[in-house]
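Dear colleague,

Please find below the structure that I am handing over to you.

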Amino acid sequence: MKKILLLTSILACAAFANPYAKCIGCHGANGEKVALGKSKVIKDMSKADFIASMKGYQDGSYGGPMKGVMIPQVKGLSEANITALADKLGLK
């Protein structure tokens, strides 16, 4: 648990200038990884599902075992940031 919190803190600090950097540490540059062995693979999601999940993390209505890790990662993202992330990952 300490490793997860440390990793999350480091990624959060490094990612303030670039929201995309928050994602690649755990999910991979193309959203191809199962983050920390527990998440969905982002590249397999539709753009609409990705956006809905990010908004759900923000309001606390979405998430399984990684909910506690993801909420702080998405809290400060605007709708434009979330859409830009989906586009950068090539989600359709």
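A residue counts as buried under 20% relative accessible area, as exposed over 50%, and as partly exposed in between. By that rule Tyr 62, with a relative accessible area of 27%, is partly exposed. Please bear in mind throughout that this is a predicted model.

Overall organisation

The chain contains 5 helices and 0 strands, and along the sequence its pattern reads α-α-α-α-α. Of its 92 residues, 37% count as buried. Among contacts in the chain with a separation of 6 or more, 51% are accounted for by residues 24 or more positions apart.

Helix H3 and its neighbours

In general, a pair of packed helices is described by the angle between the axes and the distance between them. Helix H3 covers residues 47-59 and helix H5 covers residues 79-88; their axes come within 10 Å and cross at roughly 140°. H3 and H5 are therefore oblique to each other, an angle counting as roughly antiparallel only when it is over 145 degrees. The crossing in which H3 passes H5 is right-handed. On the H3 side, the contact is made by Lys 47, Phe 50, Ile 51, Met 54, Lys 55 and Gln 58, and on the H5 side by Glu 79, Ile 82, Thr 83, Leu 85, Ala 86 and Asp 87. By class, the residues of this contact of H3 with H5 comprise 6 nonpolar, 2 polar and 4 charged.

Ile 51 lies in helix H3 and is buried, its relative accessible area being 16%. Leaving aside residues up to four places away in sequence, Ile 51 touches Ile 82 and Thr 83. Ile 51 and Leu 85 are 34 residues apart in sequence, and their C-alpha atoms are 9.1 Å apart in space.

H3 also packs with helix H4, residues 67-74, at an angle of about 95° and with the axes 8 Å apart. That angle makes H3 roughly perpendicular to H4. From H3, Met 54, Tyr 57 and Gln 58 make the contact, and from H4, Lys 67, Met 70, Ile 71 and Val 74. The contact of H3 with H4 has 5 nonpolar, 1 polar and 1 charged residues.

The aromatic pair

How many aromatic pairs does a search of the whole structure find? The search finds 1. Tyr 57 and Tyr 62 form this pair, which is edge-to-face, with 5.0 Å from centre to centre and 90° between the planes. Tyr 57 counts as buried at 10% relative accessibility, whereas Tyr 62, at 27%, is partly exposed.

Helix H2, residues 19-27, has as its buried residues Tyr 20, Ala 21, Lys 22, Cys 23, Cys 26 and His 27. Following H2 is Gly 28, with a positive phi near 85°.

Most residues other than glycine have a negative phi. Leu 36, a residue other than glycine, has a positive phi near 50°. Leu 36 is found in the loop between H2 and H3. With 37% relative accessibility, Leu 36 counts as partly exposed.

With kind regards

Definitions and conventions. Residues numbered from 1 in each chain as written. Predicted model: local features only at pLDDT ≥ 70, side-chain atom pairs only at ≥ 80, totals over all residues. Heavy atoms only, no water. Axes fitted to C-alpha atoms, helices over the stretch in contact; angles between N-to-C directions. Helix = DSSP H or I, 4+ residues; strand = E, 2+ residues; numbered from the N terminus. Parallel < 35°, antiparallel > 145°, perpendicular 65-115°, else oblique. Left-handed = near helix turned anticlockwise from the far one by under 90°. Contact = heavy atoms within 4.5 Å. Nonpolar A, V, L, I, M, F, W, Y, C, P; charged D, E, K, R; others polar. Phe/Tyr/Trp six-rings, centres within 6.5 Å; stacked < 30°, edge-to-face > 60°. Buried < 20%, exposed > 50% of the residue type's maximum accessible area, 1.4 Å probe, protein only.
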